[in-house]
Amino acid sequence: MAVERRAPRRAEQHRRAGWLTVAAFLTAALAVAELRQPASNILKKPFEGLAIADIVAPSADAYGKSGEVKLRVALPGESVEFPLEVEGDPTKIRYSWVRTGSDSLVDAARPLSGAKLVAPSAPGMYHLALLSAGQRSVLSDMTVAVLVPFAEKVGSSINGYRIGTYLAEKLGGRHDAPEGFIEVGQSDVDLPVTKHFRVGDFLTHDNQSTWPRYVALDPKLLDKLELVIEEVIRMRGDSTAADRSVALDVHSGFRTPIHNVSVKRSARDSRHQYGDAADVTIDANFDGRYTAADSRLVALAVETVEQDHPELRGGMGLYTSRRYNTPYVHIDARGKRARWRG
């Protein structure tokens with residue numbers, strides 16, 4: 001996997017047309033357009049001779065602070081923020097959704113009227129479909145995961161997949177519960193959620209063979225992990241580092257509560273249960289091994305990322321003792337700073 005981080009290609013291609021964005025929509029767009037062209041040309045056949053993909057693309061901030069996050073989550077039928085850059089008249093465009101791996105629209109088309117879109121009405125993985133003048137363009141770079149709401153968990157299971165019981169269900173109060181869970185079919189396992197990670201990296205390492213499986217996964221964690229990788233590469237400081245592959249592994253992503261109790265020395269209310277934590281190992285010094293030295297470099301990268309992006313602050317634990325076959329670092333985005341050694 002390549003490690004040189006670039007701004008998303010489509011966002012760069014369309015930044016030249018950045019005078020009009022869906023987030024700003026028509027009021028700001030018209031004001032800018034009047035400064036750049038005669039009023040008689042405003043909104044005149046804006047799509048003539050152009051495919052939708054040539055005039056609409058996710059804006060740079062759609063991909064998070066790292067520019068590498070390819071996943072957004074929403075509850076069924078609720079609002080999901082999906083910033084787009086549009087060249088021309090956004091009122092001419094409608095949108096719907098297609099399931100990943102399919103080309104059939106799942107909901108009636110709606111007018112594109114801002115950066116907040118209505119998510120599909122059923123749980124699953126979706127790509128945004130844009131429609132105009134008989135054309136259709138599917139934006140497959142970004143996946144919207146519509147969650148199975150937490151309330152649909154019956155007892156300790158969802159659809160036959162055992163999850164267990166959260167402390168919030170037993171004790172309430174200050175304890176959290178996920179908003180919901182991403183439904184993962186076998187065909188979804190290799191779906192990219194960032195430049196370096198895929199859905200399967202965050203599934204619980206249990207022995208259940210049931211499909212679909214379910215996972216809680218916070219895009220803020222994904223953003224933080226990509227920023228840490230970027231900082232590790234920056235710290236390397238040589239001209240060849242950006243052209244190398246980054247060797248990494250997710251030891252543990254999401255853990256169901258029923259699995260978490262079986263993990264030795266795990267916290268009773270581990271952040272892994274909420275989808276905003278991962279135990280990772282990264283070959284940070286590019287020597288082809290995973291060592292305690294790598295973990296210390298990753299820890300320095302985490303500190304830098306949290307300093308630069310305080311909204312991503314969270315917990316970090318170093319697990320470098322000889323009791324672990326491979327040293328690793330726990331990274332989470334719980335919203336407040338915490339540090340420990342395993």
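The model is predicted, so to speak of local features we need pLDDT of at least 70, and side-chain atom pairs count only at pLDDT 80 or more, while totals for chains, interfaces and linings use all residues. Residues are numbered from 1 along each chain as its sequence is written, and side-chain values use heavy atoms, with hydrogens and water left out.

**Sheet**

- Three strands form an open antiparallel sheet in the order 10-13-14; strands (E, at least two residues) and helices (H or I, at least four) are DSSP runs numbered from the N terminus, and two strands pair if DSSP finds at least two bridges between them.
- Strand 10 (148-149) and strand 14 (213-215) are the edges, each pairing on one side only.
- Strand 13 (residues 180-184) joins strand 14 over 3 antiparallel bridges, and Ile 182 has Val 215 of strand 14 as its bridge partner.

**Nonpolar cores**

- A nonpolar core is a set of buried Ala, Val, Leu, Ile, Met, Phe, Trp, Tyr and Cys residues joined through side-chain atoms within 4.5 Å; buried means under 20% relative accessible area, exposed over 50%, and partly exposed in between (1.4 Å probe, protein chains only).
- The largest core has 54 residues, and Phe 181, Ile 182, Phe 202 and Val 298 have the most contacts inside it.
- Helix 5 (219-236) is among the elements that each supply at least two residues of this core, and helix 5 gives the most, with 8 residues.
- Phe 202 touches residues including Val 215, Leu 221 and Phe 254, not counting those up to four places away in sequence; contact means heavy atoms within 4.5 Å.
- A second, separate core of 21 residues includes Val 80, Tyr 126, Leu 128 and Val 146.

**A buried threonine**

- Thr 143 lies in strand 9 (residues 135-146) and is buried, with a relative accessible area of 2%.
- Beyond its neighbours within four places in sequence, Thr 143 contacts residues including Lys 70, Tyr 126 and Leu 191.

**Salt bridges**

- There are 16 salt bridges in the structure, each a side-chain nitrogen of Lys or Arg within 4 Å of a carboxyl oxygen of Asp or Glu.
- Asp 176 and Arg 271 form one of them (3.0 Å, N to O), linking loops 95 residues apart.
- Arg 271 also bridges to Asp 276 at 2.9 Å, and both of these residues are buried.
- Glu 303 and Arg 339 meet at 3.0 Å, N to O, joining helix 7 to strand 19 (residues 338-341).
- Shared partners join Lys 224, Glu 303, Glu 306, Arg 337 and Arg 339 into one network.
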